[in-house]
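Biologist: Please put the model up, and then we can go through the surface and the core.

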Amino acid sequence: MEQIIQVKDLSFEYRNREDQPDLLALDGVNLEIAQGSFVAVLGHNGSGKSTLAKHINAILLPTQGQVRVAGMDTREEDKLFDIREKAGMVFQNPDNQIVATVVEEDVAFAPENLGLPSQEIRRRVDAALRAVGMENFKRSAPHMLSGGQKQRVAIAGVLAMEPQVLVLDEPTAMLDPGGRAEVMNTIRRLNREKGITVLLITHHMDEAAQADRVVVMEDGHVVGDGPPRKIFAQVDKMHRTGLGVPQTVEVLEELNRKGCSLPIDALTVEECAQRLMAFLED
Amino acid sequence: MLKDITLGQYFPVESPVHHLDARTKLILSFAFIIVLFLAHGFWAYVLCAAGVIGVTLLSHIRFRMLLKSLKPIAFLAVFTALLNMLYTPGQILWEFWIFHITREGLETAVYMVVRIMLLVASTSLLTYTTSPVALTDAIENLFRPLSRIHLPVHEFAMMMTIALRFIPTLIEETEKIMNAQKARGADFESGNLLKRAKALVPVLVPLFVSAFRRADELSVAMECRLYRGGSGRTRLKELKMGKNDGAAYAVTCVFFACVFVLTRMLP
Amino acid sequence: MEEILRAQGLTYVYSPGTPFEKTAVDNVNLSVNKGEFLALIGHTGSGKSTLIQHFNALLKPTRGQVFLHGRDIWESKEVTRKARFQVGLVFQYPEHQLFEETIEADVSFGPRNMGLEPEEVRRRVVESLAACGMGEDMLQKSPFDLSGGQKRRVALAGVLAMEPEVLVLDEPAAGLDPRGRDDIFRFITEYHEKHGTTVIFVTHSMEDAARLASRIVVMRDSHVFMDGTPPEIFSRAGELLEAGLDVPQITRVFLKLREMGAPVREGVYTVEQAAQEILRCKKEGISC
């Protein structure tokens, strides 16, 4: 499989900040992301996960090391817009990334900047709005939408560039459970049906559990990397980082602590119920 | 709630007026305002009023909405009318203490009020039938020649779009902050002017902090969506003049001619 | 148990007489006892945020009354003003209300508005900051230099400094990471235990409600939908799910188990309960 994102020995230091000491936010991070995969980067605030995300489309440039997106080095200035077109970025606060007063005008913003003819812009806008299920709201005013709907519009605005990678920096942090579910379903569908590579930055373990692969970050380092089933089975380690594990894992672990021996890698309610049922019937 | 008030009050319905090019509407509205000030005499104003009513009917805007737009200027209209009525010299109709109302005064007053009302009604029609985005585009397009002499026309239009986008957000935010400070005992309603102005500090500081944070995040988001200024940018909806626009110009020219004739013949 | 706060026939209508008219709270009756730790749950738009703004007289009911210690808080201007301080309201993302140059000045805003003596103000500032895990060395720092989680704690201290008898919080952990979330809830529960303050907190998280609250009120479509202790509420997990509300993941596991025919009991909502229940069933032997 082709590695669409390659991060090599990446270090980043925030320097020359007013009244604040220099801060090594990333320290020797290595990461490769395969085309078409769904990767969650899980960590606390200050773990470096957002700093990493900002490197993928050259908002930040490495202090040391290298980041390549579709083979392009992010430090090459003349590749800047190509990189950003390949790797679209969605941010935490939907309000602060919507530019226009009408939904479809906002989604059109990036293709307009690309200088595409208006029929092509129309095609992309309609396709992007359909992909996030917001086609019935194309003439609405963004400020009248719910948080989840706004965030879907923001995702459509990025999809209209037809990127290969979607980087989402805590896209659900400001949403209610309904909005979170809307956004997560949209992301999963885009990954499965459109084959878009997804890099989801989050501190919600239940969101990370939906990915193919979870990268755990702490203090600027990658401290865990693997399929969610393996990552969340390391209960002690996950508790130590303060990120926790799903209750489905926790209950099995609790039983094992009381002398049972159950396999603990249950990520869904169904899996957990089946494990418990098998234990009871045994 | 404040956020329910849509700014610019655009009513997106299907009508021939809505479908006109925004530049056409902008130019014709502007021309109408000039004509309003050149027109004179009873019949000329009747015709102008008939014009506004006609366009309203064509655009499927309810008259109630038009009357609503006149409400805020009612005070101004009455005030101008009173001034004109009381201070225009001429044939005295009615006298009381130091006040006297003249025939000429009454006439000017009525014309003044009609003129102000028609002016506001016509600009309201423009914003009712044209989306803020289209209006901004039209302004950018019409003023484009000015960018040759290095006036930042595109940047200005972009600023206007963003301002329109964020006004409801910031109004909502102001409400939230005011409530939060009220919950800590802030008092915005009592005291003299100075005290009230001071009471606004706990609202304005967080509001500015938030506006700057938003601006910061928005600029990064815009860059990530490949924004690099106005050059090379295309639009989803290119402004296009059609047959209807030609018809609109023609009809309006005839209309203006009629107003002009009436002003001359039946003053 | 002594009643401290009561809403009676409370109704609130936004923008009455306009096309935007909306009844946000509809004939709500709710009595809160002294020292309770109450979670208020519901969808966005279910009326919970509107409801809590009535508790400290930020909103005036369209119909109905709010009583604090048995007195209608709209009885007179003085009573209304007093209610503002007796019921401390912490809004969502309270860090967005910080405005002073120093933490001390910001936290003292509330007490100063109460007209307290400078020494008393100072004492309260220091104590409430301590309750939120901040030492005196922080007093002269600018609140704008802090991290997100710290800012929120300063904002919380700003309300605690008014020493309210009822503390109302609108989603105190919104947007925080797990560590920040644990911190803020730890400070709130510790404060509750130390001062016996009545706490009402709005949350979207059933896990938080299950873990912390002594009583849960669920709102739905402007009405009170359920009201009871956590075991009572979660024994109706099926109804909650039908209403489109969430329940803790472990409760869903147990619903599934019952569906599969396991003789586990209803109303399990913590991991510890779940493990014990499974072991009990195992010991008694399963009979499917």
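Modeller: Trp94(B) sits in strand E1 of chain B, where strands (E, at least two residues) and helices (H or I, at least four) are DSSP runs numbered from the N terminus. This is a predicted model, with local features needing pLDDT of at least 70, side-chain atom pairs pLDDT 80 or more, and totals for chains, interfaces and linings using all residues. Residues are numbered from 1 along each chain as its sequence is written, chains are lettered from A and ligands numbered from 1 in the order in which they are written, and side-chain values use heavy atoms, without hydrogens and water.

Biologist: Is Trp94(B) buried or exposed?

Modeller: Buried means under 20% relative accessible area, exposed over 50%, and partly exposed in between (1.4 Å probe, protein chains only). Trp94(B) has 53% relative accessibility, so it counts as exposed.

Biologist: Which residues have the most contacts inside the largest nonpolar core?

Modeller: A nonpolar core is a set of buried Ala, Val, Leu, Ile, Met, Phe, Trp, Tyr and Cys residues joined through side-chain atoms within 4.5 Å. The largest has 76 residues, and those with the most contacts inside it are Ile155(A) and Leu257(C).

Biologist: Which element gives the most to this core?

Modeller: The contribution is seven residues, and it comes from residues 269-281 of chain A, helix H12.

Biologist: With which residues is Leu257(C) in contact, leaving aside neighbours within four places in sequence?

Modeller: Contact means heavy atoms within 4.5 Å. In chain C, Leu257(C) touches Ala262(C), Val264(C) and Ile278(C), and in chain A its contacts are Ala273(A), Leu276(A) and Met277(A).

Biologist: How far apart are the C-alpha centres of domain 2 and domain 3 of chain C?

Modeller: An automatic or database assignment sets the domain bounds. Domain 2 covers 104-163 and domain 3 covers 248-288. The distance between their C-alpha centres is 46 Å.
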